[in-house]
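Open the model in your viewer and keep the selection tool ready. This tour goes stop by stop, with something to select at each one.

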Amino acid sequence: MDLIRDMALSLARTAIGLLFACHGAATLFGVLGGPHGGRAPEFAEWPGWWAAVIELGAGGLVMLGLATRAAALLCSGTMAYAYFVVHQPGGLFPMVNGGEAAALFSWSFLLLAVTGGGSWSLDALAARYRASGRNDGLPPLPDASLIREG
């Protein structure tokens, strides 16, 4: 059962991170259908450009399972901000205010921040490498005590 759980967590993490990174790329570069608002934000424009940079960068990290907990927490907060600032004034419920994607992303990333990237992530690979004690002429990696595999 653990194998199936780990596989499902890794597949979900990869899909969620990929979709989020694609959303950021669409907003920043006008690819994949372009930005949802119709125009790409100007450089450093608040909050659109910064949100898109977080979506692309942190979404990519989550997809790879690298610094998963921190990246997922940042993504969750970004989408919570988007929901409460952009969508919630249009109505209480996500179905009314158009905030379904923001709410789903926020809760999905919060779940990943709590569970971590799983055993099929770069975080887990790095932890296993550090635990093996192998050096192979490489510089030492940071302390693995902050990374949990499951």
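Which residues do ring pairs link into a cluster? Select F20, F105 and F109: ring pairs join these three into a cluster. Keep in mind throughout that this is a predicted model.

**Stop 1: the whole chain**

Zoom out and colour by secondary structure. The protein has six helices and zero strands. Read from the N terminus, its elements run α-α-α-α-α-α. Now switch to a surface view. The protein has 150 residues, and 35% of them count as buried.

**Stop 2: the aromatic rings**

Show the side chains of Phe, Tyr and Trp. Across the whole structure, a search turns up seven aromatic pairs. Start with F20 and F105. Are F20 and F105 buried or exposed? Both F20 and F105 are buried.

Move on to Y83 and F84. These two rings form an edge-to-face pair, with 5.2 Å from centre to centre and 85° between the planes. Y83 is buried, because its relative accessibility of 9% falls under the 20% cut-off. F84 is exposed, because its 55% is over the 50% cut-off.

**Stop 3: helix 1 against helix 5**

Hide the side chains and keep helix 1 and helix 5. Two packed helices are described by the angle between their axes and the distance between the axes. Here the angle is about 135°, and the axes are 11 Å apart. Helix 1 and helix 5 are therefore oblique to each other. Their crossing is left-handed.

**Stop 4: helix 3 against helix 5**

Keep helix 5 and bring in helix 3. The axes of helix 3 and helix 5 come within 8 Å and cross at roughly 155°. That angle is over 145 degrees, so helix 3 is roughly antiparallel to helix 5. The crossing of helix 3 and helix 5 is left-handed.

Now select A82, which lies in helix 3 (residues 68-87). A82 is buried, because its relative accessible area of 17% is under 20%. A82 and A103 are 21 residues apart along the chain, and 8.8 Å separates their C-alpha atoms.

**Stop 5**

Is D6 buried or exposed? D6 is buried, with a relative accessible area of 13%. Then select W120. Along the chain, D6 and W120 are 114 residues apart, while their C-alpha atoms are separated by 7.0 Å.

**Stop 6: two loops**

Select W46 and P47. A cis peptide bond joins W46 and P47, with omega at about -10°. P47 belongs to the loop between helix 1 and helix 2 (48-64).

Next, select A67. This residue is in the loop between helix 2 and helix 3. The phi angle of A67 is near 55°, a positive value in a residue other than glycine. A67 counts as partly exposed, at 39% relative accessibility.

**Stop 7: the cysteines**

How many disulfides does the structure hold? The structure holds zero disulfides. C22 is partly exposed, at 28% relative accessibility. C75 is buried, with a relative accessible area of 0%.

**Stop 8: the annotated spans**

Finish with the database record. An unreviewed UniProt entry lists residues 48-66, 71-89 and 101-122 under "transmembrane region". Select residues 48-66. This span is 89% helix and 0% strand, and its end C-alpha atoms lie 24 Å apart. Then select residues 101-122. Here the chain is 73% helix and 0% strand, with 27 Å between the end C-alpha atoms.

Technical notes:
Residues are numbered from 1 along each chain as its sequence is written. This is a predicted model: local features need pLDDT of at least 70, side-chain atom pairs count only at pLDDT 80 or more; totals for chains, interfaces and linings use all residues. Side-chain values use heavy atoms; hydrogens and water are left out. UniProt positions are given in the numbering used here, feature names are shortened, and annotations may be inferred rather than shown by experiment. Helices (H or I, at least four residues) and strands (E, at least two) are DSSP runs, numbered from the N terminus. A disulfide is a pair of cysteine sulfur atoms within 2.5 Å. Buried means under 20% relative accessible area, exposed over 50%, partly exposed in between (1.4 Å probe, protein chains only). Rings of Phe, Tyr and Trp (its six-membered ring) pair if their centres lie within 6.5 Å; planes under 30 degrees apart count as stacked, over 60 as edge-to-face and the rest as tilted. Axes are lines fitted to C-alpha atoms, for helices over the stretch in contact, and angles run from 0 to 180 degrees between N-to-C directions. Angles under 35 degrees count as roughly parallel, over 145 as roughly antiparallel, 65 to 115 as roughly perpendicular and the rest as oblique. A crossing is left-handed if the near helix is turned anticlockwise from the far one by less than a right angle, and right-handed if clockwise.
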